[in-house]
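Here's a quick tour for anyone opening this one for the first time. Have a look at the chain below, then read on.

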Amino acid sequence: MDYIVVFQKLFIGYIAIVLYFHIVGRAAMAPVTPSDQIQNFFLGGMAGAVILNFSIQPVQFILIILIWFGIIVSVNFLKLRSSWLRALVEGNSIELFSNNQPNKKGFFKAKLTAGDFIALLRNNGVTSIAELKNVRIESNGQLAISLKGEDSFSKYLVVDGQINQTELSEVGKNLEWLLRYAESERIEIEEIFLLEYNKKTEDILIIKIVDSGVANFTPIK
């Protein structure tokens with residue numbers, strides 16, 4: 001075994017992982033989306049396979065990593081600008097329980113059985129279905145639960161400058177209504193970091209991007 005080559009590849013792999021977390025952000029260290037998990041699994045598997053493959057030299061390893069980084073940066077860039085691509089890669093949240101009734105289509109789409117649902121509820125400290133008001137499963141597989149006696153979920157109609165068509169339809173609004181509201185507030189959809197709509201009170205909270213590239217936001221009621 002050529003230990004010098006192994007050392008070189010391990011060092012390159014270590015640097016690549018450090019750079020990877022700088023590129024995609026700290027969220028990838030504790031994956032919150034499906035694409036975070038895919039990227040982490042693929043990078044780990046790729047590094048392990050290349051390090052143990054002595055027909056691939058360190059320079060070739062660097063080129064492979066650069067290609068992979070190019071793919072990651074491109075996908076992340078396009079996700080911020082295309083709600084269709086984001087829905088394809090990340091998926092949307094799915095309503096499982098609303099108005100005190102299970103949503104059969106939601107369970108089928110999420111591929112959840114009753115047993116899976118009960119296990120997830122217990123993991124969230126809910127011991128009785130009678131306590132439920134609304135339940136959604138997010139794209140990362142976690143449940144968002146609203147219990148009886150609590151206020152209804154707020155809906156996020158715009159996220160990262162992209163319109164969330166699913167939640168827009170759930171509050172009984174359409175694209176024309178949203179565009180008219182944005183125009184009345186003299187704000188472009190692309191300038192909105194988050195637009196939150198409360199179904200119960202019909203209050204709207206807009207968090208506007210003040211300086212792109214910097215996490216500096218101003219709430220507009």
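Let's start with helix 8: its face turned away from the buried side carries the exposed residues Arg-180 and Glu-183. "Exposed" is over 50% relative accessible area, "buried" is under 20%, and partly exposed is in between (1.4 Å probe, protein chains only). Helices (H or I, at least four residues) and strands (E, at least two) are DSSP runs, numbered from the N terminus.

Keep in mind that this is a predicted model, where local features need pLDDT of at least 70 and side-chain atom pairs count only at pLDDT 80 or more, while totals for chains, interfaces and linings use all residues. Residues are numbered from 1 along each chain as its sequence is written, and side-chain values use heavy atoms, with hydrogens and water left out.

**Helix 8, side by side**

- The buried residues of helix 8, which spans residues 175-184, are Trp-177, Leu-178, Tyr-181 and Ala-182.
- These four cover an arc of only 130° around the axis, so they sit on the same side of helix 8; the arc is taken from the directions from the helix axis to the C-beta atoms.
- As background, an α-helix has 3.6 residues a turn, so residues three or four places apart point the same way.
- Among the elements covering that buried side are strand 5 (154-159), helix 7 (165-170) and strand 7 (192-198).
- After helix 8 comes Arg-186, which has a positive phi near 55°.

**The nonpolar cores**

- A nonpolar core here is a set of buried Ala, Val, Leu, Ile, Met, Phe, Trp, Tyr and Cys residues joined through side-chain atoms within 4.5 Å.
- The largest has 16 residues, and Leu-178 and Leu-195 have the most contacts inside it.
- Strand 5, helix 8, strand 7 and strand 8 each give two or more residues to this core, and helix 8 gives the most, with four.
- Setting aside neighbours within four places in sequence, Leu-178 is in contact with Leu-157, Val-158, Ile-163, Leu-168, Ile-189 and Leu-195; contact means heavy atoms within 4.5 Å.
- There's also a second, separate core of 15 residues, including Ala-47, Val-50, Ile-65 and Ile-72.

**Strands around strand 5**

- Strand 5 and strand 7 pair antiparallel over five bridges (two strands pair if DSSP finds at least two bridges between them).
- Within that pairing, Tyr-156 has Glu-196 in strand 7 as its bridge partner.
- Strand 5 also runs antiparallel to strand 6, joined by two bridges, and Val-159 partners Gln-162 there.
- The hairpin of strand 5 and strand 6 has two residues between the strands, and Asp-160 takes a positive phi near 55° in it.

**Salt bridges**

- How many salt bridges does a search of the whole structure find? There are two, where a salt bridge is a side-chain nitrogen of Lys or Arg within 4 Å of a carboxyl oxygen of Asp or Glu.
- One joins Glu-95 and Arg-136, at 3.7 Å from N to O; Glu-95 is in strand 1 and Arg-136 in strand 3, 41 residues apart.
- Glu-95 also bridges to Lys-155, with the closest N and O atoms 3.7 Å apart.
- Because Glu-95 lies in strand 1 and Lys-155 in strand 5, this pair ties together parts 60 residues apart in sequence.
- Shared partners join Glu-95, Arg-136 and Lys-155 into one network.
- Both Glu-95 and Arg-136 are buried, and Lys-155 is buried too.
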